[in-house]
Amino acid sequence: MTNGQSVYSSSREPVVQLESVERVYHLAGEDIRAINGVTLDIWPGRMTAIVGRSGSGKTTLLNLIAGLDAPTQGTVRVLGRDMGQMSEQERLSLRLHHIGFIFQSFGLMPLLSASENVGVPLRMRKLDVHEREQRVAEALAWVGLTERAHHRPYELSGGEQQRVAIARALAADPALVLADEPTGQLDTRTGRRILDLLRRMVAERGVTLVIATHDPQVMAEADVIHELRDGRLVETRVKQGVAFPAR
Ligand code: ADP
Ligand code: MG
């Protein structure tokens, strides 16, 4: 259903399109259907949650969207491009330029300062030092950590480490950010703050955010919820007032 008041036009293309996607793992002679026939679209500028209990396939689905893993069957289109038709180099480039990642355990390099951590993906893109420093400073300021730029992860709280990870994901100005249980290691209050920052990332920076989670706070905040059970999409719930074009 489309909603006339929405700022998002239903004519815009989905950022992610999954078509009959399967991912089967072969383990000790057994087939594990981690993703079992999932078809869904992820629309721009929204917070989408992928929910389901542990083992339901959330991380596998994010890895497929990121092109870090390939489906056994079906197609994954990201930003209009069929990942299965791209070379490894093209997928890497797509990730570096357009996709940010946020993890449950933050994924920071322990020996690097906050600003150096934020700069890692920009170094991989070989941006010149001035542009890199500018983007790093801007991203750290945006998450409110300018004062912590020279601290290493062990000198930061869990919430601060996750803010560094958010700054790192944002520094490249990505269209799509994938977050795997980003509040999973945080207490409820800190998780709330991180969630507010993620919400602002969607609202202020126009990012399309996909969060794998089973945190009720995150589910309450999400615009769209896709629920997985044993690798199958069992339900899609859309928050009232959010435009979600039918397929
Ligand atoms: P979630 O993130 O929802 O906890 P996962 O995507 O990690 O779920 O896992 C989905 C299913 O796939 C689980 O049964 C898990 O054991 C299995 N699985 C995940 N990764 C692998 C792998 N590399 N090899 C074999 N089985 C895997
Ligand atoms: Mg997982």
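Which residues does Ala-165 touch, not counting residues up to four places away in sequence?

Analyst: This is a predicted model, in which local features need pLDDT of at least 70 and side-chain atom pairs count only at pLDDT 80 or more, while totals for chains, interfaces and linings use all residues. Residues are numbered from 1 along each chain as its sequence is written, chains are lettered from A and ligands numbered from 1 in the order in which they are written, and side-chain values use heavy atoms, with hydrogens and water left out.

Leaving aside residues up to four places away in sequence, Ala-165 touches Phe-101, Ile-102, Phe-106 and Leu-108. Contact here means heavy atoms within 4.5 Å. Ala-165 is found in helix α5; helices (H or I, at least four residues) and strands (E, at least two) are DSSP runs, numbered from the N terminus. With a relative accessibility of 0%, Ala-165 counts as buried, a word that stands for under 20% relative accessible area, with exposed over 50% and partly exposed in between (1.4 Å probe, protein chains only). Leu-62 lies 103 residues from Ala-165 along the chain, and the C-alpha atoms of the two are separated by 17 Å.

Phe-101 is among the residues nearest the centre of the largest pocket, together with Leu-96, Pro-121, Met-124 and Arg-168. In total, 16 residues line the largest pocket. A pocket is an open set of points on a 1 Å grid over the protein atoms alone, where a 1.4 Å probe fits, with protein on both sides within 12 Å along at least five of seven lines; lining residues have an atom within 4 Å of a point. The volume of the largest pocket is about 410 Å³, taken as the space filled by probe spheres set on grid points that are joined across faces, edges and corners.

Helix α5 (158-171) is one of the elements that supply at least two residues each to this lining; the others are α2 (88-98), β6 (99-103) and α3 (114-124). Strand β6 gives the most, with four residues.

The second largest pocket holds about 310 Å³ of space. Its lining also has 16 residues, and the closest to its centre are Ser-115, Glu-116, Gly-119, Glu-133 and Val-136. Two or more residues of that lining come from each of α3 and α4 (129-142). The largest share, seven residues, belongs to α4.

Glu-90 is joined to Arg-81 by another salt bridge, at 3.9 Å between the closest N and O atoms.

The structure holds 17 salt bridges. One of them pairs the side chains of Glu-22 and Arg-33 at 3.4 Å, N to O. It links distant parts of the chain, 11 residues apart, with Glu-22 in strand β1 (residues 16-27) and Arg-33 in strand β2 (residues 30-42). Glu-22 is partly exposed at 21% relative accessibility, and so is Arg-33 at 41%. Elsewhere, salt bridges link Arg-192, Asp-196, Arg-199, Glu-221 and Asp-223 in a network.

Six of the six residues of β8 are buried, so the strand is largely enclosed by the rest of the structure. Thr-208, Val-210 and Ala-212 point one way from β8, and Leu-209, Ile-211 and Thr-213 point the other way. Strand β3 (residues 47-51) runs parallel to β8 and is joined to it by five bridges; strands pair if DSSP finds at least two bridges between them. Across this pairing, Ile-50 stands opposite Ala-212. Strand β7 (residues 176-180) is likewise parallel to β8, with five bridges, and there Leu-176 stands opposite Thr-208.

Definitions and conventions
Salt bridge = Lys/Arg side-chain N within 4 Å of Asp/Glu carboxyl O.
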